[in-house]
Amino acid sequence: VAVDANPVRLSRVTGAEAVLAVAEHLPFQDGVFTSAIYMHGYFQVRSDWEALIEINRVLEVGGIFMFDLPLPGRGPLEFGRVFEPRAYLRMLADFGFEPVEHRAVNGWEYLIAVEKTENFNWRRMQKMQVVIGDDGAIKLNNVDLDDYMVR
């Protein structure tokens with residue numbers, strides 16, 4: 001299945017089902033894929049968090065997700081974001097993925113392959129979250145007390 005947000009590119013797809021969609025909202029049932037590949041564009045997703053949650057949702061446990069990022073040092077900023085593969089590798093566990101392999105492959109990209117080890121669970125995220133507790137009260141989870149902005 002080929003997924004793209006651009007109908008012109010999708011019209012050129014041959015040999016696969018072509019679906020108009022974005023990574024942040026995939027029109028597939030839970031756990032229907034054994035692998036997902038997002039090459040030459042993952043760094044353009046609107047929301048890494050939403051894309052990782054959706055990719056986790058459509059992959060079966062044990063499924064593999066592969067994506068690429070620009071190499072660090074290529075430029076100070078791309079698409080309004082700074083990319084650092086180590087940062088992605090640290091956060092993937094928050095979304096139910098564990099690294100399988102990662103490496104620079106040429107002069108401009110870094111490949112990352114991860115395995116889905118569990119379904120996404122927002123309670124595992126290590127990022128600050130505003131949540132509604134069991135008692136109905138709004139609270140903050142994962143507040144980094146060492147962060148000078150919080151003190």
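Visitor: Why does Ala23 count as buried?
Guide: Ala23 has 10% relative accessibility. Buried means under 20% relative accessible area, exposed means over 50%, and partly exposed lies in between (1.4 Å probe, protein chains only). The value for Ala23 is on the buried side, so the label is buried. This is a predicted model, in which local features need pLDDT of at least 70, side-chain atom pairs count only at pLDDT 80 or more, and totals for chains, interfaces and linings use all residues. Residues are numbered from 1 along each chain as its sequence is written, while side-chain values use heavy atoms, with hydrogens and water left out.

Visitor: Which residues does Ala23 touch, not counting those up to four places away in sequence?
Guide: They are Tyr38, Val45, Glu50, Ala51 and Glu54, where contact means heavy atoms within 4.5 Å. Ala23 itself is found in the loop between β2 (18–20) and β3 (33–38). Such names come from DSSP runs, numbered from the N terminus: helices are H or I with at least four residues, strands are E with at least two.

Visitor: How many helices and strands does that rule give?
Guide: The chain has three helices and eight strands. Along the sequence the pattern is β-α-β-β-α-β-α-β-β-β-β. Of the 151 residues in the chain, 34% are buried.

Visitor: What makes Glu50 and Arg46 a salt bridge?
Guide: Their side chains meet at 2.6 Å, N to O. The rule asks for a side-chain nitrogen of Lys or Arg within 4 Å of a carboxyl oxygen of Asp or Glu, so the pair qualifies. Glu50 is partly exposed at 34% relative accessibility, whereas Arg46 is exposed at 61%.

Visitor: How many salt bridges does the structure hold?
Guide: It holds five salt bridges. Another one of them joins the side chains of Arg57 and Asp30 at 2.8 Å, N to O. That pair links distant parts of the chain, with Arg57 in helix α2 and Asp30 in the loop between β2 and β3, 27 residues apart. Arg57 has a relative accessible area of 22% and is partly exposed; Asp30, at 56%, counts as exposed.

Visitor: Which residue forms a salt bridge with Arg103?
Guide: The partner is Glu101, and the closest N and O atoms are 2.6 Å apart. Arg103 is partly exposed at 48%, and Glu101 is partly exposed at 41%. Elsewhere, salt bridges that share partners join Asp30, Glu54 and Arg57 into one network.

Visitor: How many aromatic pairs are there, and by what rule?
Guide: The count comes to eight. Rings of Phe, Tyr and Trp (its six-membered ring) pair if their centres lie within 6.5 Å; planes under 30 degrees apart count as stacked, over 60 as edge-to-face and the rest as tilted. Phe28 and Phe33 are 5.0 Å apart, centre to centre, with 90° between the planes, so this pair is edge-to-face. Phe28 is buried at 16%, whereas Phe33 is partly exposed at 22%.

Visitor: What makes β5 and β6 a pair?
Guide: Two strands pair if DSSP finds at least two bridges between them. β5 and β6 have seven, in the antiparallel sense, so they pass. A hairpin of four residues joins β5 to β6.

Visitor: Which residues make the nonpolar surface patch?
Guide: Val130, Ile132, Ile138 and Leu140 make it, over about 460 Å². β7 (129–132) and β8 (138–141) are the elements that give two or more residues to the patch. A patch needs residues with over 30% relative accessible area and no salt bridge; like charges are joined within 9 Å, nonpolar side chains (Val, Leu, Ile, Met, Phe, Trp, Tyr) within 5 Å. Leu140 has a relative accessible area of 48%, so its area passes the 30% limit.

How values were computed. Areas by Shrake-Rupley, 256 points an atom, 1.4 Å probe, with all protein chains shown as cover.
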